[in-house]
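Please find my comments on the model below.

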Amino acid sequence: MTGRDRPNVKARPVPRADRRTESEKHGYGSGVPEIASRRRTQPPPPRFVFEALTNPERDPVRPWLILHNDEQRPTIAEAVEPNLVVWTSIWPWRPDARIRFDITGPPRGSATLCWTLIVDEPVPDRETTVRMRKRVNELINANLRFTFG
């Protein structure tokens, strides 16, 4: 039966995403707490966001990964071009922390960037969690975003 011979069938709605956490969906398991997450669009396509996250010094004229004295340069724990980057911790006092970046969007349009802060037990107190969340948000949704114009 060709496409022309098929009866007119309505498309079924796409099922709603399952209720697993981001870390469970991505292999971190249910025992790894997510302590913060933010989703925001970035002006360039996903491949440029991926490149910026995997090579922060790519444009020395517009640096964006400007670390504080109590922070360290992250390394790439995992990367799948152009949709996934996982950084190691930027905090020497919290080496178990990971920052996961999920990048989606059309090849020629704006990207949607979701970052998720993941830690091992014990989860930091509320004040520390807020400080960590604000810092990642500053680096990604302010510094990085501004380099794209």
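1. The lining of the largest cavity is made up of 3 charged, 2 nonpolar and 1 polar residues. This is a predicted model, and the lining residues are Pro56, Arg58, Asp59, Arg62, Trp64 and Thr147. By the classes used here, Pro and Trp count as nonpolar and Asp and Arg as charged.

2. How much space lies in the largest cavity? The volume is about 40 Å³. The structure holds 1 cavity of 30 Å³ or more.

3. Helix H2 runs over residues 46-54, and its buried residues are Pro46, Val49, Phe50, Ala52 and Leu53. These residues lie on the same side of H2 because they span an arc of only 165 degrees around the axis. Buried here stands for under 20% relative accessible area.

4. What do the buried residues of H2 pack against? Their partners are the strands S1 (34-42), S2, S3, S4 (98-104) and S5, together with helix H3.

5. The peptide bond between glutamate 81 and proline 82 is cis, with omega about 0 degrees. Proline 82 sits in the loop that runs between strand S2 (76-80) and strand S3 (84-87). Both of these strands are also packing partners of the buried residues of H2.

6. A cis peptide bond also leads from glutamate 121 to proline 122, where omega is near 0 degrees. Where is proline 122 placed? Proline 122 belongs to the loop between strand S5 (111-118) and helix H3 (126-147). S5 and H3, too, are among the elements that the buried residues of H2 pack against.

How values were computed
Residues are numbered from 1 along each chain as its sequence is written. This is a predicted model: local features need pLDDT of at least 70, side-chain atom pairs count only at pLDDT 80 or more; totals for chains, interfaces and linings use all residues. Side-chain values use heavy atoms; hydrogens and water are left out. On a 1 Å grid over the protein atoms alone, a cavity is a set of points where a 1.4 Å probe fits but cannot get out, and a pocket is an open set with protein on both sides within 12 Å along at least five of seven lines; lining residues have an atom within 4 Å of a point. Grid points are joined across faces, edges and corners, and a volume is the space filled by probe spheres set on the points. Helices (H or I, at least four residues) and strands (E, at least two) are DSSP runs, numbered from the N terminus. Buried means under 20% relative accessible area, exposed over 50%, partly exposed in between (1.4 Å probe, protein chains only). The arc is that of the directions from the helix axis to the C-beta atoms. Contact means heavy atoms within 4.5 Å.
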